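User: Please take me through this structure, and show how each term is applied as you go.

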Amino acid sequence: MQQYNAIKSKHPDALLLFRVGDFYETFGEDAVKAAKILGIILTHRNNGGDKTELAGFPHHSLNTYLPKLVKAGQRVAICDQLEDPKMTKSIVKRGVTELVTPGVALNDDILSSKSNNFLCALHFGRNKLGISFLDISTGEFYTAEGSMEQMDKLLQNFSPNEILVSKSHRKEFTELFGTHFHSFYLEDWIFQEDYALESLTNHFKTKTLKGFGIEHLNHGIIASGAIMHYLSETQHSRLQHINKIQRIAEEEYVWMDRFTIRNLELYHSTNLNAVTLLNIIDRTLSPMGGRLLKRWLALPLKNIEKIQQRHQIVSHLKTEEGQLEKIQHWIKQMGDLERLISKLATGKINPKEVVQLKNSLEAVVPIKQLAETSSNTSLQNMGEQLDDCETLRSKIKEVLNEEAPINIAKGNTIAQGYSEELDELRNLAFSSKDYLDKMLERETEATGISSLKIASNNVFGYYIEVRNTHKDKVPEGWVRKQTLVNAERYITEELKEYEAKILGAEERIYSLEQQLFEQLLMWMQEYISPVQQNAQLIAQLDCLCGFAQLAKENNYVEPEINESTELNIKDGRHPVIEKQLPLGESYVANDVLLNRDEQQIIMITGPNMSGKSAILRQTALIVLLAQMGSFVPASEAHIGIVDKIFTRVGASDNISMGESTFMVEMNETASILNNLSERSLVLLDEIGRGTSTYDGISIAWAISEYLHEHPSRAKTLFATHYHELNEMTNTFTRIKNYNVSVKELKDNVLFLRKLVPGGSEHSFGIHVAKMAGMPQQVVQKANKILKKLEKSHSSEEMTDTLQAAQNEMQLSFFNLDDPLLEEIKEEILHLDIDTLTPVEALMKLNEIKRLLTKKKKASS
Ligand SMILES: Nc1ncnc2c1ncn2[C@@H]1O[C@H](COP(=O)(O)OP(=O)(O)OP(=O)(O)O)[C@@H](O)[C@H]1O
């Protein structure tokens with residue numbers, strides 16, 4: 001226990017797996033945690049009078065249990081026996097051989113193939129933050145620095161599995177970024193520029209960081225240094241695959257803040273079962289392609305030339321179907337080239353994986369040839385950059401057996417014919433049966449014992465077995481080793497010599513195989529860079545093939561990207577909703593035209609559920625898809641390059657969310673207004689809804705006016721219930737009214753989903769009440785009140801009361817039996833609207849309002 005305590009004290013923050021014989025044991029609090037997470041039995045043992053908790057599992061189950069612990073957010077220190085227990089009489093030497101944490105993992109069972117596993121470090125500077133991301137399983141290393149908002153967006157994009165922060169910024173970190181990340185707090189001194197610079201230059205073996213273009217990012221460097229420190233702390237020293245660090249050049253990518261990323265449901269959704277854009281567009285076939293696609297989606301391009309290059313390749317592959325099919329066929333054969341090469345660098349690759357690496361590289365050969373001979377120059381370029389790694393492949397082929405095992409101890413790793421010594425030893429081991437058969441034949445003849453048997457066991461080694469009936473015929477020179485009930489076992493001089501030779505051969509085979517395998521791995525280190533480059537190119541090609549496939553399957557067209565500031569989409573569709581419509585329903589495509597001169601702001605009105613949000617989002621998604629290099633769901637799209645996309649959605653109702661939500665909504669909107677640019681696309685969905693009608697309208701009005709008057713003239717789509725906003729167009733020339741058309745049937749509404757010019761006259765809130773199951777008469781009556789009120793629009797109080805009544809009606813869907821609600825219903829039903837003067841209507845409404853307040857009080 002002393003040894004355990006000493007080791008545990010060095011890793012107080014980690015769950016310590018302590019190897020004892022064939023088990024990994026955990027003690028004390030670690031045991032309680034492990035038992036809970038792993039569902040293993042928690043026992044107790046007496047430790048000098050104290051009771052200690054204990055939980056363990058067999059050592060060979062490490063690969064099953066370790067991922068569970070890490071996925072549950074634990075940092076796990078693996079403490080192994082550093083010497084053979086048989087060879088020592090005192091306590092076996094033990095030490096931590098690896099510290100596995102959520103952000104530093106190489107184990108396939110922990111990693112998910114289509115996602116990166118990023119470790120992040122965040123440095124809080126005086127007026128800026130520095131950030132760094134590293135995926136040790138792929139070798140990708142990035143850094144950036146900037147404002148809290150920028151860091152927040154990067155965290156959202158990279159979604160790291162673990163974040164390192166200095167201890168003194170613990171509080172600040174959780175206040176700014178929440179508590180949902182796995183975070184680990186390091187000593188403050190680690191976040192120092194000199195130390196960071198030294199760690200990085202030592203690692204990259206360079207004098208400065210100029211070559212990486214990050215030398216001016218002091219805060220980013222500090223964060224990256226903290227990552228290097230953490231790697232050494234977690235016992236990761238073989239890191240040759242991390243051979244560059246890249247600046248995240250944010251100015252090259254479309255800016256989307258976290259609300260936008262979340263709201264557009266690009267790759268996460270608050271609803272676990274919801275389909276995201278990524279789900280729809282991911283047609284990649286390799287793990288590295290899948291990971292790159294996520295990156296492309298998070299960072300759409302702003303450089304027209306680069307975007308067009310992607311479009312050209314997609315277009316080429318879409319028409320040259322044969323070529324697409326062949327390239328995809330070969331990509332499918334490929335393993336995770338990027339992670340295999342990282343395993344090589346970190347010394348964690350097994351023989352079977354080296355063969356896999358070779359096979360993956362073999363698939364590169366036909367892809368290279370197909371790309372080089374294609375008629376598309378960008379594709380030809382990619383082909384030329386692919387390295388067929390011929391020497392590497394033939395070396396692996398020469399050294400390794402095609403069927404090499406995962407575990408080298410199983411034997412047969414090295415190919416026949418590679419080492420003469422190994423072949424001889426193998427001959428010796430394999431010919432043993434033959435040799436023993438001959439010996440048996442000779443001895444049977446010499447002794448005249450017909451039932452002799454030669455065999456071996458772990459305890460006594462080789463022996464000759466003689467049944468008791470022939471005991472008297474045993475020659476003198478034989479030495480008895482073991483007595484059984486019916487037989488005796490002997491050893492002879494010849495057998496002893498043979499045994500020494502055979503056992504020696506087996507041991508030698510094992511060590512020779514290991515030695516040759518290690519030599520091969522050493523030799524292969526040189527190829528880390530070219531293989532990494534191949535992996536990146538294949539990932540890109542995989543994404544582009546995926547886009548071509550997607551365009552073919554879903555009828556997407558090539559967008560035209562230009563320098564203008566106009567957005568002109570014809571027959572645009574929402575890529576996700578169109579795939580989810582009930583059978584028989586088809587998506588209604590819509591045109592959207594936005595520019596800075598005539599139609600800068602589109603005010604979209606229409607009843608709930610008519611499709612306003614869908615139009616807003618599909619416009620943003622089409623722009624995003626286009627700028628990440630994909631074709632788009634439309635019949636035509638001309639896109640003046642967009643540099644920022646902002647989305648804000650109003651809080652759904654202030655009763656359930658509280659006033660503070662409304663403030664949040666306003667703050668969020670304010671941050672848009674402060675960051676506008678000429679190429680921004682702004683989507684505002686029901687902004688202002690989270691307050692009373694009067695305030696809501698005023699705020700929505702003020703925001704629209706601001707956007708209209710702002711010199712950026714940012715293109716804006718504004719979806720709203722407030723038909724009052726339709727009046728804005730009379731004063732503000734670039735605001736245009738549209739509505740999502742509906743057809744009013746006798747007692748119902750038919751959604752046509754077509755965006756047509758013009759405002760809409762009703763707010764239709766009552767239709768929703770009806771859809772929510774309100775009795776027919778109540779709805780009719782409410783309609784009448786509404787009309788009356790619309791005529792005497794003067795009183796804001798009336799509008800408010802009505803709004804509250806509508807809200808209440810919607811709520812009533814959940815609780816129709818409520819007696820107070822019954823009373824309100826009665827009140828509405830007994831109004832004789834046609835005979836009331838506006839003043840009487842107001843009084844009646846006040847009565848309703850009083851009842852509503854009573855109800856609100858009762859329910860709170
Ligand atoms: N163009 C369309 N074609 C077919 N179905 C559509 C279309 N647009 C929307 N829908 C369907 O209508 C539903 C409601 O659309 P959406 O959420 O955009 O309405 P909304 O007007 O924004 O409603 P609310 O005001 O309540 O937010 C969608 O989930 C989708 O199923």
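User: What makes the residues of the shell around the ligand nonpolar, polar or charged, and how do they divide?

Analyst: Ala, Val, Leu, Ile, Met, Phe, Trp, Tyr, Cys and Pro count as nonpolar, Asp, Glu, Lys and Arg as charged, and the others, Gly among them, as polar. By that rule the shell divides into seven nonpolar, five polar and two charged residues. This is a predicted model, in which local features need pLDDT of at least 70 and side-chain atom pairs count only at pLDDT 80 or more, while totals for chains, interfaces and linings use all residues. Residues are numbered from 1 along each chain as its sequence is written.

User: How many residues surround the ligand, and what makes a residue near?

Analyst: A residue is near a molecule or strand if its C-beta atom, placed from the backbone, lies within 6 Å of it. There are 14 residues around the ligand, and the closest are N608, G611, K612, S613 and A614. Helix α21 (residues 612-628) supplies the largest share of the shell, three residues. Helices (H or I, at least four residues) and strands (E, at least two) are DSSP runs, numbered from the N terminus.

User: Why is a set of residues called a nonpolar core, and which residues have the most contacts inside the largest one?

Analyst: The name applies because the set consists of buried Ala, Val, Leu, Ile, Met, Phe, Trp, Tyr and Cys residues joined through C-beta atoms within 7 Å. A residue is buried if 20 or more other C-beta atoms lie within 10 Å of its own, exposed if 12 or fewer, and partly exposed in between, with C-beta atoms placed from the backbone. The largest core has 119 residues, and I538, L544, M603, I604, A620, I622 and V623 have the most contacts inside it. Its largest share, 13 residues, comes from helix α20 (residues 528-554). A second, separate core has 64 residues, including A34 and Y142.

User: Which residues does A620 touch?

Analyst: Leaving out residues up to four places away in sequence, A620 touches L264, I645, T647, L681 and L683. Contact requires C-beta atoms, placed from the backbone, within 7 Å.

User: What makes β18 and β20 edge strands?

Analyst: Strands pair if DSSP finds at least two bridges between them. In the open sheet β18-β22-β19-β20, whose pairing is mixed, β18 (560-562) and β20 (590-594) each pair on one side only, and are the edge strands. Strand β19 (residues 567-572) pairs with β20 in the antiparallel sense over four bridges, and I569 stands opposite V592 in β20.

How values were computed:
Contact = placed C-beta atoms within 7 Å.
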